[in-house]
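Hello,

Please find the structure below. My notes on its aromatic rings and on the confidence follow it.

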Amino acid sequence: MGTTVIGLIVIAVVVFYLVFIYNRLVSLRNQFKNGFAQIDVQLQRRHDLIPNLVEAAKAYLTHEKTTLTQVMEARNNAVSAQKDAAKDPGDGTKIQRLGSAENLLTKALANFYAVAENYPELKANETIQQLMEELSSTENRVAFARQAYNDGVMSYNIFREQFPNNIVAGMFAFKETSQLELESPEARQAPKVAF
């Protein structure tokens, strides 16, 4: 009788521990998904500002259509990658594709900023200045949201990989996810804007 009670207590403790692990995995996964949602909001704002900036700059950059086209193509690719990643922020390949697309957009914008330096009347335009300021502010928000997302992913991955959590994670298909990283050292440099 005493061994049966002790056996039931041990089984109950193990079951409760497994439930704790499962619930913690769910909580951590939802935290990093929320972190991605914050990035998603800021990227959408960034992507919405870019067409306005390009449209306002068209009148001044008549000889720089290639630059404007590159910015818009990079923006459209980033929007596509953002939408794809938003469907499943836990999919590492989608997150890596988003990082690559955003990296290309950052490079295209840096090229745009460099070209804009050669046009004093563009730099003096109040609308352009306001859009550039909003874009710069949004870039900072994206950086903070990316940091929060990466912290959430790291916590989730660490907990998921620890023993015996990895057994529970494997049983319920909690898969590893990737952090949102910049690929090249140039992309780690903030674009220089001087109007």
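Phe-112 and Tyr-113 are both buried. This is a predicted model, and Phe-32 and Tyr-156 are buried in it as well.

A search of the whole structure gave 7 aromatic pairs. One of them joins Phe-32 and Tyr-156, with 5.0 Å from centre to centre and 55° between the planes, and it counts as tilted. Phe-32 belongs to helix H1 (residues 2-58) and Tyr-156 to helix H5 (residues 126-161), so this pair ties together parts that lie 124 residues apart in sequence.

How are the rings of Phe-112 and Tyr-113 arranged? Their centres are 6.0 Å apart and their planes stand at 65°, so the pair is edge-to-face. The cut-off behind that label is an angle over 60 degrees.

Phe-32 and Tyr-156 also belong to one aromatic cluster, together with Phe-36 and Tyr-149.

Which ring has the charged end of Arg-24 over it? It is the ring of Phe-159, and the charged end of Arg-24 sits 5.8 Å from the centre of that ring.

Now the confidence. The average pLDDT of the chain is 88, and 93% of the residues score at least 70. Helix H6 (residues 165-171) has the highest confidence in the chain, at a mean of 95. The lowest is in helix H4 (residues 120-124), where the mean is 77.

Regards

Note on methods: Residues are numbered from 1 along each chain as its sequence is written. This is a predicted model: local features need pLDDT of at least 70, side-chain atom pairs count only at pLDDT 80 or more; totals for chains, interfaces and linings use all residues. Side-chain values use heavy atoms; hydrogens and water are left out. Rings of Phe, Tyr and Trp (its six-membered ring) pair if their centres lie within 6.5 Å; planes under 30 degrees apart count as stacked, over 60 as edge-to-face and the rest as tilted. Helices (H or I, at least four residues) and strands (E, at least two) are DSSP runs, numbered from the N terminus. Buried means under 20% relative accessible area, exposed over 50%, partly exposed in between (1.4 Å probe, protein chains only). A charge sits over a ring if NZ of Lys or CZ of Arg is within 6 Å of the ring centre and within 35 degrees of the ring normal. pLDDT is the predictor's confidence in each residue, from 0 to 100.
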